Amino acid sequence: MSANRSSAVMAQRHEAHDSLDDFPTPPWATRSLLRFLKEQGEPLHLQHAWEPACNRGHMARVLAEAFDQVHATDVHDYGWPGQDGTADFLIDWGQDVPNVEWIITNPPFRLGATFILQALKLARRGVAVLVRTSFVEGAER
């Protein structure tokens, strides 16, 4: 018997406070975002992106298909060889902040709003987050 993984059930799941919230983004979702950005006239092939919750590279690999350079970090080392470093995106980066036009990520759900605020401070051109639709239902978001 398999577990019920319907969208209604998954939207109700609760992660432990110390969970790494490991829910990889399927490649088709990232490619759809890239197609949208290109349709808006974004010259992605000339721009740099940062995926600060890269996990095992599910989004970063696809971003590399379109962007000139992709900086991939995460708070945990998942063993993906494309990860540039282990770093907490939510720290004060000061002068060490990567120089990127875009920050594109699937943030940990419980830290999503904080990730968005940080990304808006650091990205020079734009921010895109791929999250469950239930993310926008929170009163504080």
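**Sheet, rings and salt bridges**

Arg 31 counts as partly exposed, because its relative accessibility is 38%. The structure is a predicted model, in which local features need pLDDT of at least 70 and side-chain atom pairs count only at pLDDT 80 or more, while totals for chains, interfaces and linings use all residues. Residues are numbered from 1 along each chain as its sequence is written, and side-chain values use heavy atoms, with hydrogens and water left out.

Arg 31 has a partner to look for in the structure above. It forms a salt bridge with Glu 65, and the closest N and O atoms are 2.7 Å apart. This pair links distant parts of the chain, for Arg 31 belongs to helix α2 (residues 27-39) and Glu 65 to the loop between α3 and β2, 34 residues apart. The helix and strand names follow DSSP runs, numbered from the N terminus: helices are H or I runs of at least four residues, and strands are E runs of at least two. A salt bridge, in turn, is a side-chain nitrogen of Lys or Arg within 4 Å of a carboxyl oxygen of Asp or Glu. By this rule the structure has three salt bridges.

Another salt bridge brings together the side chains of Arg 125 and Glu 42, at 2.5 Å from N to O. Arg 125 sits in the loop between α4 (112-122) and β5, and Glu 42 in the loop between α2 and β1, so parts that are 83 residues apart in sequence are tied together. How do the two partners compare in exposure, buried or exposed? Arg 125 is exposed, because its relative accessible area is 51%, whereas Glu 42 counts as buried at 12%. A further salt bridge joins the side chains of Glu 101 and Arg 124, again listed at 2.5 Å from N to O. Glu 101 lies in the loop between β3 and β4 and Arg 124 in the loop between α4 and β5, so this pair ties together parts 23 residues apart in sequence. Glu 101 counts as buried, because its relative accessibility is 14%.

Attention now turns to the sheet. Its five strands are arranged in the order β3-β2-β1-β4-β5, forming an open sheet with parallel pairing. Which strands stand at the edges? These are β3 (85-86) and β5 (126-129); each has a single partner strand, so one side of each is left without a neighbour in the sheet. Strands are said to pair if DSSP finds at least two bridges between them. In general, strands of a sheet pair through backbone hydrogen bonds, either parallel or antiparallel.

The individual pairings can be followed across the sheet. Strand β1 (residues 48-51) is parallel to strand β2 (residues 69-74), with four bridges between them, and Trp 50 stands opposite His 71 in β2. Together with helix α3 (residues 58-63), β1 and β2 make a right-handed β-α-β unit. Right-handed here means that, with the strands pointing away from the viewer, the path from the first strand over the helix to the second runs clockwise. Two bridges join β1 to β4, again in parallel; here Ala 49 has Trp 102 in β4 as its bridge partner. Strand β4 (residues 102-105) pairs in the parallel sense with β5 over four bridges, where Thr 105 stands opposite Val 129.

Rings of Phe, Tyr and Trp (its six-membered ring) pair if their centres lie within 6.5 Å; planes under 30 degrees apart count as stacked, over 60 as edge-to-face and the rest as tilted. The structure holds three such aromatic pairs. In one of them, Trp 50 and Phe 89 have ring centres 5.1 Å apart and planes at 85°, so the pair is edge-to-face. Trp 50 lies in strand β1 and Phe 89 in the loop between β3 and β4, so the pair ties together parts 39 residues apart in sequence. Trp 50 is buried, because its relative accessible area is 0%, and Phe 89 is buried at 1%. Trp 50 also forms an edge-to-face pair with Trp 93, at 5.1 Å centre to centre and 90° between the planes. This pair connects strand β1 with the loop between β3 and β4, the two residues being 43 residues apart. Trp 50, Phe 89, Trp 93 and Phe 115 form one aromatic cluster.

Thr 73 is buried, because its relative accessible area is 3%. Leaving aside residues up to four places away in sequence, Thr 73 touches Trp 50, Glu 51, Pro 52, Ala 53, Cys 54, Gln 83 and Gly 85, where contact means heavy atoms within 4.5 Å.

Notes
Buried means under 20% relative accessible area, exposed over 50%, partly exposed in between (1.4 Å probe, protein chains only).
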